[in-house]
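Reader: I have a structure to go through. Can you walk me over the main features?

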Amino acid sequence: MNLNSGWFRKIYLGIKRRLKRPSKDEILEGDIISILFRLGWPMMVATFLRTLYNLVDTFWLGHIPDKEVAEASVAAVGQAWTFVFMMMSIGIGFGVAALALVSQHTGSKNFEEAERDAGQLYFIAIVFSIVMGIIGYFITPYFLDILTGTGADVEQLAYYGTQYLQIIFFDLFF
């Protein structure tokens with residue numbers, strides 16, 4: 001496939017033109033919808049991939065041959081996802097705060113401070129993920145007791161949800 005000619009190149013150049021970094025004049029005087037899209041597309045892609053993560057888990061669990069186990073597993077993942085989304089929201093909050101600090105320092109041409117703040121963000125993210133991973137792994141059953149009600153499937157739901165959430169918390173280290 002020749003990537004330098006034809007329809008593929010036209011699509012590539014069109015996307016490249018639309019997604020290039022906007023200039024200061026474009027930000028201040030350009031079409032606000034276009035600018036918001038160009039600035040926000042990385043976050044949109046990241047959010048889509050996070051949602052896709054849950055959809056893939058639900059898809060495969062829904063295809064377990066034993067329908068009773070499949071239903072309980074999908075319900076458990078749905079309940080556990082509340083806490084996963086909470087953890088992702090905290091991470092996004094740290095990222096937005098760090099982006100604001102780094103952007104301020106970069107805009108004022110204070111690159112040493114920008115690098116220092118970025119380094120501190122990575123350190124905080126690593127420490128936070130390790131601490132939350134350890135704490136979350138061990139208190140997962142208590143998390144799910146908050147969400148599970150009463151009924152015949154509560155034990156099975158708590159069992160599957162605990163397994164899923166402990167794997168997710170273990171994965172926070174990475």
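Author: One definition to begin with: contact means heavy atoms within 4.5 Å. Also, this is a predicted model.

Reader: Fine. Which residues does Trp81 touch, leaving out those up to four places away in sequence?

Author: Trp81 touches Arg50, Tyr53, Asn54, Met88 and Tyr164.

Reader: And what about the largest nonpolar core? Which residues touch the most other members?

Author: Trp81 is one of them.

Reader: What does the second core include?

Author: That core is separate and has five residues. Among them are Val69, Ala72, Ala76 and Leu157.

Reader: How does the lining divide into nonpolar, polar and charged?

Author: It has 22 nonpolar residues, three polar and two charged.

Reader: Now aromatics. How many aromatic pairs does the structure hold?

Author: Five. Phe59 and Trp60 form an edge-to-face pair. Their centres are 5.0 Å apart, with 80 degrees between the planes.

Reader: Why does that count as edge-to-face?

Author: Because planes over 60 degrees apart count that way, and these are at 80 degrees.

Reader: Is Trp60 buried or exposed?

Author: Trp60 counts as exposed, because its relative accessibility is 57% and the cut-off is over 50%. Phe59 is at 43%, so it counts as partly exposed.

Reader: Last topic, backbone. What is phi of Lys109?

Author: Phi of Lys109 is near 60 degrees. That is a positive value in a residue other than glycine. Most residues other than glycine have a negative phi.

Reader: Where is Lys109 found?

Author: Lys109 sits in the loop between α4 and α5. With 63% relative accessibility, Lys109 counts as exposed.

Technical notes:
Residues are numbered from 1 along each chain as its sequence is written. This is a predicted model: local features need pLDDT of at least 70, side-chain atom pairs count only at pLDDT 80 or more; totals for chains, interfaces and linings use all residues. Side-chain values use heavy atoms; hydrogens and water are left out. Rings of Phe, Tyr and Trp (its six-membered ring) pair if their centres lie within 6.5 Å; planes under 30 degrees apart count as stacked, over 60 as edge-to-face and the rest as tilted. Buried means under 20% relative accessible area, exposed over 50%, partly exposed in between (1.4 Å probe, protein chains only). Ala, Val, Leu, Ile, Met, Phe, Trp, Tyr, Cys and Pro count as nonpolar, Asp, Glu, Lys and Arg as charged, and the others, Gly among them, as polar. A nonpolar core is a set of buried Ala, Val, Leu, Ile, Met, Phe, Trp, Tyr and Cys residues joined through side-chain atoms within 4.5 Å. Helices (H or I, at least four residues) and strands (E, at least two) are DSSP runs, numbered from the N terminus.
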